[in-house]
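Please read them with the coordinates open.

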Amino acid sequence: MLSDLRRLDLEEVDAVRGRGLNLYYPIAAAVSGAGAGLVVSGGSLVVVASAGAATAPSAAAVAGAISGDAAIVLGLASRSVGHVALLYGYDPEDPSEKLFVMSVVNAGTAASATAKHTAMADVSRLTQALVRGKAWTVLDKSIVTKVSKQFAKAYATRFTKQSLGKIVPAAGIVIGSGLNWATLESIVDAADLAYRRRFLMEKYPDLVPGTTVFPDLTENVDGDTDVSISVLDELAEAGGPRIG
């Protein structure tokens with residue numbers, strides 16, 4: 001039973017966790033990013049330089065490569081956070097847990113100060129609600145599905161803005177690979193921090209709630225270059241409960 005894991009000491013959880021999680025997902029994302037970078041750079045590393053403009057990718061190819069890469073990265077992100085959830089004794093298939101997973105992914109990919117603040121506020125509010133055992137009778141699969149779709153759209157927009165460097169010929173391969181690696185690495189780190197904090201708060205209710213600090217994906221950038229996403233706002237708009 002997953003609930004049995006939550007009765008373990010944190011040291012026991014750490015002992016079986018291992019470090020493979022911190023490598024597998026970033027590597028998989030880096031491979032996807034390199035592939036997308038190759039497409040949007042027009043395959044310039046494998047064609048002769050004299051081909052000139054003929055090597056330039058079409059707008060459709062660029063859009064398709066970035067869109068496909070975004071979908072792959074979001075899938076890897078969700079699976080990596082779900083993997084961490086299981087290690088700490090939480091079921092990522094539970095409707096409320098799916099919201100938490102999305103919130104952690106959001107926090108791990110936010111780049112601007114505004115986006116980070118919004119994402120971390122979501123995680124903090126959700127953590128406190130879940131630790132208190134709040135019952136959400138109106139939270140069903142259809143509502144979570146709506147939230148997931150809206151989050152995927154918002155995430156795709158954020159990812160596209162952060163991925164514009166992949167359009168640089170040749171360098172796009174390195175940039176795409178590096179960005180995706182950093183993204184998954186940051187998400188796994190964010191998941192570890194979020195679930196460790198929640199795990200400890202459930203074991204020790206007297207812990208004072210506070211803001212969870214997440215590692216930066218990149219240096220702070222202007223809000224114009226990032227998308228501020230609130231999973232809890234999307235939840236309320238989809239007809240779910242308003243939390244916090």
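1. Ser112 sits in the loop that joins helix 5 to helix 6, where helices (H or I, at least four residues) and strands (E, at least two) are DSSP runs numbered from the N terminus. With a relative accessible area of 2%, Ser112 is buried, a term that means under 20% relative accessible area, with exposed being over 50% and partly exposed in between (1.4 Å probe, protein chains only). A polar atom of the Ser112 side chain lies 3.2 Å from the backbone nitrogen of Ala115.

2. On provenance, this is a predicted model, in which local features need pLDDT of at least 70 and side-chain atom pairs count only at pLDDT 80 or more, whereas totals for chains, interfaces and linings use all residues. Residues are numbered from 1 along each chain as its sequence is written, and side-chain values use heavy atoms, with hydrogens and water left out.

3. Taken as a whole, the chain has nine helices and zero strands, and 46% of its 244 residues count as buried. Among the contacts (heavy atoms within 4.5 Å) with a separation of 6 or more, 83% are between residues 24 or more positions apart.

4. Helix 6 (residues 113-131) has 19 residues and should span 27 Å at 1.5 Å a residue, which agrees with its end C-alpha atoms being 27 Å apart; the expected span is 1.5 Å times one less than the number of residues. Just after helix 6, Gly133 takes a positive phi of about 70°.

5. How do helix 5 and helix 7 pack, and at what angle? Helix 5 (residues 95-109) and helix 7 (residues 141-162) meet at about 10°, with their axes 11 Å apart, the axes being lines fitted to C-alpha atoms, for helices over the stretch in contact, and the angles running from 0 to 180 degrees between N-to-C directions. The two helices are therefore roughly parallel to each other, as angles under 35 degrees count as roughly parallel, over 145 as roughly antiparallel, 65 to 115 as roughly perpendicular and the rest as oblique. Helix 5 contributes Pro95, Lys98, Leu99, Met102, Val105, Asn106 and Thr109, while helix 7 contributes Val144, Val147, Ser148, Phe151, Tyr155, Arg158 and Gln162. By class, this contact has eight nonpolar, four polar and two charged residues, where Ala, Val, Leu, Ile, Met, Phe, Trp, Tyr, Cys and Pro count as nonpolar, Asp, Glu, Lys and Arg as charged, and the others, Gly among them, as polar.

6. Two residues of helix 4 (residues 59-87) deserve a look, Asp69 being one of them. Asp69 is buried at a relative accessible area of 1%, and its side chain makes a polar contact with the side chain of Asn180 at 3.0 Å; such a contact is a pair of N or O atoms within 3.5 Å, and within protein one must be able to donate a hydrogen and the other to accept it, while residues adjacent in sequence count only if both atoms are side-chain atoms. Gly82 also lies in helix 4 and counts as buried at 6% relative accessibility. The C-alpha atoms of Gly82 and Lys98 are separated by 8.4 Å, the two residues being 16 residues apart along the chain.

7. Arg196, in helix 8 (residues 171-203), is partly exposed, with a relative accessible area of 27%. Leaving aside neighbours within four places in sequence, Arg196 is in contact with Leu10, Asp14 and Tyr88, and its side chain makes a polar contact with that of Tyr88 at 3.4 Å. Arg196 and Val84 are 112 residues apart in sequence, yet 9.6 Å apart in space, C-alpha to C-alpha.
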